[in-house]
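I opened the notebook to record what I looked up, one entry per topic.

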Amino acid sequence: MKIIDVHIHFTDHEGFRETARKAGHENSAEHLRREFERLGIVMAVAMGAGRGGDVDGLSVPRAVDLGGPFDPVRYGQPEFIAFCCGVESRTLTPENARRSAALFEPMLQMKQCVGIKLYPGYNRCYLADPIHHPFYELAEKYDVPVVIHTGDTASSNGILKYAHPLTVDEVAVEFPRVRFVMAHYGNPWIVDATEVAAKNPNVFIDLSGLAVGKFEPREFFDHYRGYLEHIRTWIAYLSDYGKLMYGSDWPLVNLENYIEVVKSLIPADHHDEVFYQNALRVFSKLVPLLPR
Ligand SMILES: [Zn+2]
């Protein structure tokens with residue numbers, strides 16, 4: 001089975017070395033290349049979480065980062081990794097939002113930049129806040145999706161109300177020509193995320209982050225039986241497999257384990273859509289990047 005992983009983290013962030021080790025991995029491009037080959041993963045989308053943030057009073061794009069400063073001219077990242085440029089919303093103001101968005105244009109013109117990532121729960125800012133409007137306009141102009149971290153935040157400093165999947169509804173309605181991706185299925189607000197995706201034709205779900213670490217599958221499936229059944233119930237309620245995409249959140253989870261988890265959630269005759277085809281429709285810039 002060919003797989004596209006629409007949600008990984010590819011950075012030299014200090015903590016990720018230990019995180020990767022706990023998941024039975026190593027936080028390096030070479031290790032990732034070997035694992036991807038072994039598991040049939042042909043392409044991945046990394047969430048922009050590298051250096052960026054607040055420079056000269058503007059919010060500059062956060063790109064992928066594994067060793068050395070990001071260089072948009074000489075991309076220098078493995079050919080099997082595309083990325084979403086990350087927006088640091090906490091440094092955006094009504095005054096600088098438009099000028100900040102302009103800094104994202106050269107990045108969006110790169111062939112490897114396939115989307116825009118927002119972190120409202122960490123940045124304490126609603127998606128519908130007008131400071132984000134210039135970024136939705138850019139997403140429409142460059143025909144890339146806006147990926148939103150929805151659901152639980154990895155750190156207790158996050159504020160959940162900003163990361164709730166219901167917040168995606170309003171921007172989906174106001175920007176009907178932009179594709180929005182709810183990362184992590186809004187977990188644990190699976191019911192709410194299902195409704196937002198069911199109601200809005202332009203909203204999609206990435207299935208990353210529903211489990212972490214490395215685990216013994218039988219124990220995992222036993223312990224989380226009710227949780228997994230709940231997710232299956234709402235996936236069946238949605239009954240639209242064109243809305244769902246495989247993502248792992250590597251290096252937070254063991255890739256082989258996670259493929260098994262997602263396989264168990266999706267009926268076998270929809271695996272090709274969820275693990276591969278849907279990613280190419282939602283992240284349309286991935287198509288020319290695929291290996292021949
Ligand atoms: Zn993530």
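**Entry 1: the zinc site**

I noted at the start that this is a predicted model. I first asked which residues coordinate the zinc ion. They are His7 through NE2, His9 through NE2 and Asp249 through OD, at 2.1 to 2.2 Å. I wrote the spacing of the donor residues in sequence as H-x1-H-x239-D.

I then looked up the two histidines and found His7 and His9 buried. His7 sits in strand E1, which covers residues 3-8. Its relative accessibility is 0%, and buried means under 20%, so His7 counts as buried.

Which side chain makes a polar contact with the side chain of His7? I found Ser208, at 3.4 Å. Setting aside neighbours within four places in sequence, I listed the contacts of His7, among them Val45, Met47, Lys117, Asp206 and Trp250. The zinc donor Asp249 is also in contact with His7.

**Entry 2: aromatic rings**

I looked up how many aromatic pairs the structure holds, and the count is 13. One of them joins Tyr126 and Tyr162, with 4.6 Å from centre to centre and 65 degrees between the planes, and it is edge-to-face. Tyr126 is in the loop between helix H4 (120-123) and helix H5 (133-141), while Tyr162 is in helix H6 (residues 160-163), so this pair ties together parts 36 residues apart in sequence.

I checked a second pair, Phe220 and Phe221. Phe220 counts as buried, with 7% relative accessibility. Phe221 counts as partly exposed, with 26%. Both rings belong to a cluster in which ring pairs link Phe215, Phe220, Phe221, Tyr224 and Tyr227.

Lys243 lies over the face of Phe204, 5.3 Å from the ring centre.

**Entry 3: helix H12**

I took helix H12, residues 271-282, and looked up its length. H12 has twelve residues and reaches 16 Å from its first C-alpha to its last, close to the 16 Å expected at 1.5 Å a residue.

Next I wrote down the buried residues of H12: His271, Val274, Phe275, Tyr276, Asn278, Ala279, Leu280 and Val282. What do they pack against? I found strand E1, strand E2 (41-47), strand E8 (180-183), strand E9 (203-206), strand E10 (244-245) and helix H11 (255-265).

**Entry 4: helix H5**

In H5 the buried residues are Pro134, Phe135, Tyr136, Leu138 and Ala139. I looked up what covers them, and the cover includes strand E5 (81-87), helix H3 (97-108), strand E6 (113-118), strand E7 (146-149), helix H7 (167-174) and E8.

Leaving out neighbours within four places in sequence, Pro134 is in contact with Ala97, Arg98 and Ala101. For a distance across the model I took Pro134 and Leu238, which are 104 residues apart in sequence and 31 Å apart in space, C-alpha to C-alpha.

Just after H5, I noted that Asp143 takes a positive phi of about 55 degrees.

Most residues other than glycine have a negative phi, and most peptide bonds are trans. I therefore listed the exceptions I had looked up.

Pro188 is in the loop between E8 and helix H8 (190-199). Another runs from Trp250 to Pro251, also with omega near 10 degrees. Pro251 lies in the loop between E10 and H11.

His184 has phi near 65 degrees and is found in the loop between E8 and H8. At 8% relative accessibility, His184 counts as buried. His184 is also on the contact list of His7. Ser239 has phi near 45 degrees and is found in the loop between helix H10 (225-238) and E10. Ser239 is exposed, with a relative accessible area of 53%.

Technical notes
Residues are numbered from 1 along each chain as its sequence is written. This is a predicted model: local features need pLDDT of at least 70, side-chain atom pairs count only at pLDDT 80 or more; totals for chains, interfaces and linings use all residues. Side-chain values use heavy atoms; hydrogens and water are left out. Helices (H or I, at least four residues) and strands (E, at least two) are DSSP runs, numbered from the N terminus. Buried means under 20% relative accessible area, exposed over 50%, partly exposed in between (1.4 Å probe, protein chains only). A polar contact is a pair of N or O atoms within 3.5 Å; within protein, one must be able to donate a hydrogen and the other to accept it, and residues adjacent in sequence count only if both atoms are side-chain atoms. Contact means heavy atoms within 4.5 Å. Rings of Phe, Tyr and Trp (its six-membered ring) pair if their centres lie within 6.5 Å; planes under 30 degrees apart count as stacked, over 60 as edge-to-face and the rest as tilted. A charge sits over a ring if NZ of Lys or CZ of Arg is within 6 Å of the ring centre and within 35 degrees of the ring normal. Donors are N, O and S atoms within 2.8 Å of the metal (3.2 Å for Na, K and Ca); water is not among the atoms, so sites may look incomplete. The expected span of a helix is 1.5 Å times one less than its number of residues.
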